[in-house]
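This report walks through one protein chain, from a single residue out to the whole fold. The structure comes next.

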Amino acid sequence: MPPPNSSSLPLAAAPTMSNLSAPSSSSPQPLPPNPLAAASSFLHHHLPDEVARALTGTPVFTVCNSSNEFVLVSDPATGLRSLGLLCFRSEDADALLTHVRTRQPVVGKGAKVVPITLDQVYMLKAEGIAFRFLPDPLQIKNALELKSGLTAFDGVPVFQSDLLVVKKQKKRYCPIYFQKEDIERELTKASKTSRGSALSKQIMVGSLEDVLKKMEMNQRNSGWDDLIFIPPGKSLNQHINEVSA
């Protein structure tokens with residue numbers, strides 16, 4: 001099984017979802033520089049349904065106006081004027097909502113935080129609109145601790161271990177976790193003799209953007225199509241039971 005690596009590649013967006021629509025023409029003023037803004041922008045091209053299915057159930061959070069349109073911001077770092085932000089923590093989306101209401105009261109009136117799953121993100125048609133992930137800062141810290149020598153991490157950290165690859169219902173699953181704490185809990189169950197630093201040596205870290213790009217580019221039975229993304233706080237067995245129900 002090829003492990004994810006630390007390089008970051010763009011994540012793509014694709015066709016439309018019924019309960020969210022393209023943004024209105026009004027955009028808030030530019031956000032101040034954000035230390036979490038290391039994530040890659042989306043490219044607009046189609047990703048296979050298999051990739052979207054692997055992402056089923058993983059939530060992110062964004063800000064929509066009263067018409068359920070994405071609220072966009074400007075990014076002073078790139079000059080992009082139509083940037084939608086997807087947060088991995090609801091509190092970051094709450095902070096974005098506060099920013100929108102402060103900077104653009106008209107746009108912010110009726111605006112709200114909206115949860116959306118990553119597989120739904122792949123079903124969005126957002127022509128000409130760039131999206132950026134704001135990763136969980138704790139998981140950035142965890143990733144840097146695992147990747148000794150690095151001082152910055154580009155993208156959304158994901159965690160994997162070959163010890164957790166399983167076969168269920170005649171299908172091979174290689175779980176990818178968004179939280180280091182979740183994979184450590186699973187490894188503790190799988191390996192009763194490993195604790196602390198020994199567990200960390202079994203964990204590989206990569207970026208979500210890079211893993212998804214490799215899944216898209218590789219052929220069937222290459223190993224990359226065995227990946228399944230485990231939503232934060234859940235176990236592999238729990239997630240498989242939920243998506244199979």
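## A fully covered threonine

Thr-58 is buried, with a relative accessible area of 0%. Buried means under 20% relative accessible area, exposed means over 50%, and partly exposed is in between, using a 1.4 Å probe and protein chains only. This is a predicted model: local features need pLDDT of at least 70, side-chain atom pairs count only at pLDDT 80 or more, and totals for chains, interfaces and linings use all residues. Residues are numbered from 1 along each chain as its sequence is written, and side-chain values use heavy atoms, with hydrogens and water left out.

Thr-58 sits in the loop between helix 1 (49-54) and strand 3 (59-64). Helices (H or I, at least four residues) and strands (E, at least two) are DSSP runs, numbered from the N terminus. Which residues does Thr-58 touch, not counting those up to four places away in sequence? They are Ile-116, Thr-117, Leu-118, Phe-178, Phe-229, Ile-230, Pro-231 and Pro-232. Contact here means heavy atoms within 4.5 Å.

A search of the whole structure finds 3 aromatic pairs. The rings of Phe-88 and Phe-178 have centres 5.6 Å apart and planes at 35°, so this pair is tilted. Rings of Phe, Tyr and Trp (its six-membered ring) pair if their centres lie within 6.5 Å; planes under 30 degrees apart count as stacked, over 60 as edge-to-face and the rest as tilted. Phe-88 is in the loop between strand 4 (83-87) and helix 2 (90-103), and Phe-178 is in the loop between strand 9 (171-177) and helix 6 (180-190), so the pair ties together parts 90 residues apart in sequence. Phe-88 is buried at 14% relative accessible area. Phe-178 is buried at 4%.

Phe-178 also pairs with Phe-229: the ring centres are 5.9 Å apart and the planes at 35°, so this pair is tilted too. The pair links distant parts of the chain, 51 residues apart, with Phe-178 in its loop and Phe-229 in strand 11 (residues 227-230). Both Phe-178 and Phe-229 are buried.

Lys-171 lies over the face of Tyr-173, at 5.5 Å from the ring centre. A charge sits over a ring if NZ of Lys or CZ of Arg is within 6 Å of the ring centre and within 35 degrees of the ring normal.

Why is helix 8 (residues 208-217) described as largely enclosed by the rest of the structure? Because 7 of its 10 residues are buried. They are Leu-208, Glu-209, Asp-210, Val-211, Leu-212, Lys-213 and Met-215.

In helix 9 (residues 236-244), Leu-236, His-239 and Ile-240 are buried. They cover an arc of only 100° around the axis, which puts them on the same side of helix 9. The arc is that of the directions from the helix axis to the C-beta atoms. An α-helix has 3.6 residues a turn, so residues three or four places apart point the same way. The cover over the buried residues of helix 9 includes strand 8 (166-168), strand 9, helix 6 and strand 11.

## Glu-181 and its partners

Glu-181 is in helix 6. It counts as partly exposed, at 33% relative accessibility. Leaving aside neighbours within four places in sequence, Glu-181 contacts Leu-138, Gln-139 and Asn-142. Its side chain makes a polar contact with the side chain of Asn-142 (3.2 Å). A polar contact is a pair of N or O atoms within 3.5 Å; within protein, one must be able to donate a hydrogen and the other to accept it, and residues adjacent in sequence count only if both atoms are side-chain atoms. Glu-181 and Gly-233 are 52 residues apart in sequence and 8.5 Å apart in space, C-alpha to C-alpha.

## The loop between strands 3 and 4

Asn-65 lies in this loop. Asn-65 is buried, with a relative accessible area of 8%. A polar atom of its side chain lies 2.9 Å from the backbone nitrogen of Ser-67.

Asn-68 lies in the loop between strand 3 and strand 4. Asn-68 is partly exposed, at 27%. Its phi is positive, about 65°, although Asn-68 is not a glycine.

## The chain as a whole

The chain has 9 helices and 11 strands. Of its 245 residues, 48% count as buried. Among contacts between residues at least 6 apart in sequence, 77% join residues at least 24 apart.
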